[in-house]
Amino acid sequence: MPGRSFEPFATRGRRVVVAILITFAAVSVLSVVLSTSTTSRSKHRAAVIQVAARQRTLAERYVKETLLVHAGGRADPRTTGDTMLKSADALIDGGVAPSVEGDDDEMKIARTTDPDFHAQAVQGRRLVHDLTGTGSALLADRDVTEVPLTARERISAKDPVKRLQILGALTSNVSLNAAANAAGTTDRNVNDLIRKQVILGGAGLVASLLLAWALIAATRRQTAHFRSLVSSSTDLVLVFGEEGCRYASDSVARTLGRESAELHGRGFEECVHPDDREAVRMATGRGVPHRLPFRVQNRFDEWRHLEAHVTDLRDDRHVSGVVLNARDVTERVELEEQLTKQAFEDSLTGLANRALFRDRVDQALVRSERSRAPLAMLLLDLDGFKQVNDTLGHDAGDRMLEELARRFEGVKRAGDTLARLGGDEFAMLLEGTGESQAIALAERLLESLVEPVTIPGRELPIGASIGVVLHHGGPGVSEELIRHADLAMYAAKEGGRGRYMVFHPDMARELGEAVGLERELREALKEGEFGVHYQPEINPASGQIVGVEALARWHSPSRGLVMPDDFIPIAESSGLIHEIGSEVLRRACEQTVLWIRDGVVEPDFVTWVNLSGRQLSTHGIAKRVQKVLAEAGLDPHFLGLEVTETSMVGADMLGHNVRAELEELHDQGVRIAVDDFGTGFSSMEHLRRFPVDLIKVDRSFTQTVEHDTRDAAITAHLASLAHALGLQAVAEGIETHGQLELVQELGCDLVQGYLYARPMAAGDITRMLLEREHEHQPQSSELIG
Amino acid sequence: MLAISGCGSSADSGHSNKEVEVWVKDFHIKAPKHVPAGDVTFEMYNRGPDHHELIVIRDDGRRLPLRGDDLTVDEDGLGPAVAGALEPEPPGEHLVSMRLKRGDYWLICNMAGHYMGGMRTRVVAG
């Protein structure tokens with residue numbers, strides 16, 4: 001942060017306070033030192049003053065005592081004189097002034113430094129000498145004028161008594177003035193002391209005021225700092241006492257959209273979620289637990305999730321309460337809830353997902369084991385959903401799934417678990433349910449699909465296969481239950497779709513076969529185990545081979561040669577039909593190119609390749625065929641595509657413009673045949689709308705044409721229908737000469753069947769083609785082998 | 001510096017006053033023999049060590065009377081003869097102004113024993 005940064009009280013404030021304290025202490029010490037020093041000096045001065053003043057008294061006493069002795073009385077002027085002399089010495093040089101009997105004790109005095117006093121003391125000592133010298137001369141009857149005077153006094157009086165009195169007065173006078181001088185100095189010292197003490201006292205007062213100011217300022221700064229920290233913090237700080245909330249930081253008010261005052265007392269508690277209120281009351285009253293998640297309601301009636309750390313500071317006299325430091329964790333909680341929801345909910349339909357369903361099954365099995373109550377599971381797989389996705393796109397598929405989820409929700413009972421396991425697979429768990437109820441529910445689910453699903457601009461029929469598995473109570477394993485439901489569902493699909501199947505143990509074995517076959521098919525594709533056989537199409541009138549139908553063959557190392565009827569349904573249901581179909585188309589085209597190159601085929605020869613319903617309903621079939629033709633280098637006129645009427649119409653119904661794709665190929669020369677004609681819609685409308693060159697009358701009619709007049713009539717009708725539309729009619733499955741003759745009579749233009757040839761390898765076809773060039777006669781099947 | 005007026009002395013130590021330096025110390029007074037008459041300011045320089053007075057007394061030819069102690073001059077008894085006085089002063093410089101008529105004057109220190117101890121001198125004013 002630019003500019004002034006906050007320095008906490010512990011650094012700058014402390015420095016200021018310490019500086020002021022040092023000043024205060026220095027002032028106090030100085031004051032004490034001054035007082036002590038001055039008191040000591042005053043005490044010394046007092047002794048000096050006393051001794052100096054005493055010299056005056058002693059001088060006067062000495063004069064009196066001397067005169068008394070001189071008059072014949074008794075006195076001891078010598079002692080007084082000695083006392084005066086010693087005292088005079090002590091006043092100058094320091095030392096002990098002797099005691100005076102009945103008056104003073106001896107006094108210890110220090111050397112005086114004051115020059116005026118010193119001069120007076122020196123003068124005083126001279127005068128004491130002169131006085132005592134004169135006194136001694138008087139008492140000794142000597143001539144006092146002979147006594148040498150040292151103090152520069154000029155006494156004209158000759159009378160010894162007079163001289164003694166004059167010297168006594170001089171001594172007394174100078175002693176008195178010296179004492180006065182010392183007293184004056186003491187007065188000055190005391191005045192100095194008072195002045196200095198006043199100054200020091202003032203300084204101490206200022207220092208105290210500064211100290212108080214610094215402490216208050218520092219405390220204010222610190223308080224403001226922490227208040228600012230608390231106020232601006234996103235953390236919520238609350239303090240609770242016995243009366244309820246005592247303090248709520250600004251962030252609390254911000255979070256709740258309420259004034260702090262509203263939260264005081266019981267105000268905050270009223271915002272707490274009723275379910276959390278007891279826990280909050282416990283925490284704010286007793287300080288436990290230390291960590292507390294709870295919810296509060298803001299003024300917009302939204303619940304906010306808080307996570308609080310609880311600190312019990314009731315024993316801290318500075319707080320005397322329980323402190324809650326809380327954070328608003330609403331976003332985090334919502335995210336967690338969302339993630340949890342995502343983890344267990346199908347995002348498209350809002351139903352339970354596979355994980356949650358599995359968990360529910362586990363729990364249900366635990367309950368079932370305990371209560372011995374039965375349960376049932378339904379596994380529902382939509383029929384034909386892949387085509388919806390492939391042809392209309394995933395958005396349409398998603399809309400359909402949403403709609404179906406709604407319908408299934410309407411079917412399920414309260415307490416049942418409905419889940420989308422993924423893709424077009426739904427599951428339902430029914431607890432406490434026996435077989436009859438489970439079957440009833442499966443039927444209701446199927447009924448819910450009778451009504452086509454409407455997505456914008458289109459009505460789509462949809463079906464489903466349902467596997468039902470029953471658990472009769474007791475221990476169970478969820479994986480096994482789900483697997484059994486899966487097998488039952490698979491059986492329902494195999495059984496013709498649009499139905500339900502209840503699991504029975506045999507299913508596992510049967511379907512295990514189918515599942516194994518699918519796995520082998522995948523391997524076979526990888527290993528190139530698929531081959532193509534060709535069955536000739538004959539013009540019975542000329543005996544000429546006009547074309548061949550390419551048929552897939554699987555040479556399984558373990559199973560031997562596998563017929564299409566045995567693996568095509570599995571390839572269809574598993575989606576492997578795309579790869580197998582593409583492989584057949586590619587190899588047929590390549591083979592035809594070889595025949596053309598070898599000159600064994602006529603220019604109108606056609607190699608017919610079957611397109612399954614799934615292949616047809618996939619976008620871009622025209623492009624894929626064109627790509628194979630281009631890669632093989634085959635003229636499109638040599639290729640024919642056989643499609644069933646059902647698959648052609650089914651794909652068209654799903655909105656895929658099959659007609660346009662077939663027309664595109666047809667325009668380039670590719671022939672189109674309708675396979676198995678007569679078994680489905682047999683709609684003239686379809687024949688008219690689609691670019692068809694040829695119809696193949698299903699073997700179910702041609703094989704019974706000799707014995708069933710209705711089939712003969714149908715065959716005749718189909719042939720005439722073809723001719724009416726300018727198409728050729730091909731009779732499939734011709735195995736006898738009788739059938740051949742009859743279908744020829746009934747109007748079929750071409751024939752195909754074992755009477756002429758079984759499906760055979762390309763090399764055999766080549767040989768046959770070479771032979772037919774010379775011999776346009778039909779052969780019996782056994783001749784061909 | 002303190003100006004003290006004694007009897008007959010002028011309150012004004014003014015500019016027109018003639019100045020007379022008097023030096024005093026234990027136990028001498030040193031002054032010029034002749035001092036001006038009229039308004040005079042005595043500048044007393046006390047060289048100590050003791051305190052001293054400066055009392056200017058007209059000399060009418062008689063001995064100065066003593067008090068009962070026989071040690072100090074009886075200033076009260078002199079009446080108007082006292083022309084001016086400086087009270088006892090510590091060492092330092094002190095002033096006193098007075099009007100002197102022509103004639104003789106005693107300059108004395110009348111602290112106990114000082115006059116008798118030698119602190120007296122006679123000057124002639126005019």
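The legends below describe close-up views of a predicted model.

**View 1. The interface of chain A and chain B.** Here 18 residues of chain A are in contact with 17 residues of chain B. Together the two chains bury about 1,600 Å² between them. Carbon and sulfur atoms account for 52% of that area. Three residues stand out on chain A: Arg152(A), Arg154(A) and Lys162(A). They supply 33% of the area that chain A buries against chain B, more than any other three residues.

**View 2. A salt bridge between Asp70(B) and Lys162(A).** The rule finds 1 salt bridge across the interface of chain A and chain B. Its partners are the side chains of Asp70(B) and Lys162(A). The N to O distance is 3.4 Å. Lys162(A) is also one of the three residues that supply 33% of the area chain A buries against chain B. Polar contacts between chain A and chain B number 12 residue pairs, with both residues at pLDDT 80 or more.

**View 3. The side of chain A that touches chain B.** Helix 3 (115-139) and helix 4 (160-232) of chain A each supply at least two residues of this side. Helix 4 of chain A gives the largest share, 8 residues. By class, the residues on this side of chain A divide into 8 nonpolar, 6 polar and 4 charged.

View 4. Side chains of opposite charge can pair when their charged atoms come close. Asp89(A) forms a salt bridge with Arg125(A). The closest N and O atoms of this pair are 2.8 Å apart. Asp89(A) lies in helix 2 (residues 77-93) of chain A and Arg125(A) in helix 3 of chain A, so the pair ties together parts that are 36 residues apart in sequence. Over all chains, the count comes to 45 salt bridges by this rule.

**View 5. Helix 19 and helix 21 of chain A.** Two packed helices are described by the angle between their axes and the distance between the axes. For helix 19 (residues 621-632) and helix 21 (residues 658-667) of chain A, the axes come within 8 Å and cross at roughly 25°. Helix 19 of chain A is therefore roughly parallel to helix 21 of chain A. From helix 19 of chain A, the contact draws on Ile621(A), Ala622(A), Val625(A) and Gln626(A). Helix 21 of chain A meets them with Glu661(A), Glu664(A) and Leu665(A). This helix contact has 4 nonpolar, 1 polar and 2 charged residues.

Terms used. Residues are numbered from 1 along each chain as its sequence is written. Chains are lettered from A and ligands numbered from 1 in the order in which they are written. This is a predicted model: local features need pLDDT of at least 70, side-chain atom pairs count only at pLDDT 80 or more; totals for chains, interfaces and linings use all residues. Side-chain values use heavy atoms; hydrogens and water are left out. Axes are lines fitted to C-alpha atoms, for helices over the stretch in contact, and angles run from 0 to 180 degrees between N-to-C directions. Helices (H or I, at least four residues) and strands (E, at least two) are DSSP runs, numbered from the N terminus. Angles under 35 degrees count as roughly parallel, over 145 as roughly antiparallel, 65 to 115 as roughly perpendicular and the rest as oblique. Contact means heavy atoms within 4.5 Å. Ala, Val, Leu, Ile, Met, Phe, Trp, Tyr, Cys and Pro count as nonpolar, Asp, Glu, Lys and Arg as charged, and the others, Gly among them, as polar. Buried area is the accessible area (1.4 Å probe) that two parts lose on being put together, summed over both. A salt bridge is a side-chain nitrogen of Lys or Arg within 4 Å of a carboxyl oxygen of Asp or Glu. A polar contact is a pair of N or O atoms within 3.5 Å; within protein, one must be able to donate a hydrogen and the other to accept it, and residues adjacent in sequence count only if both atoms are side-chain atoms.
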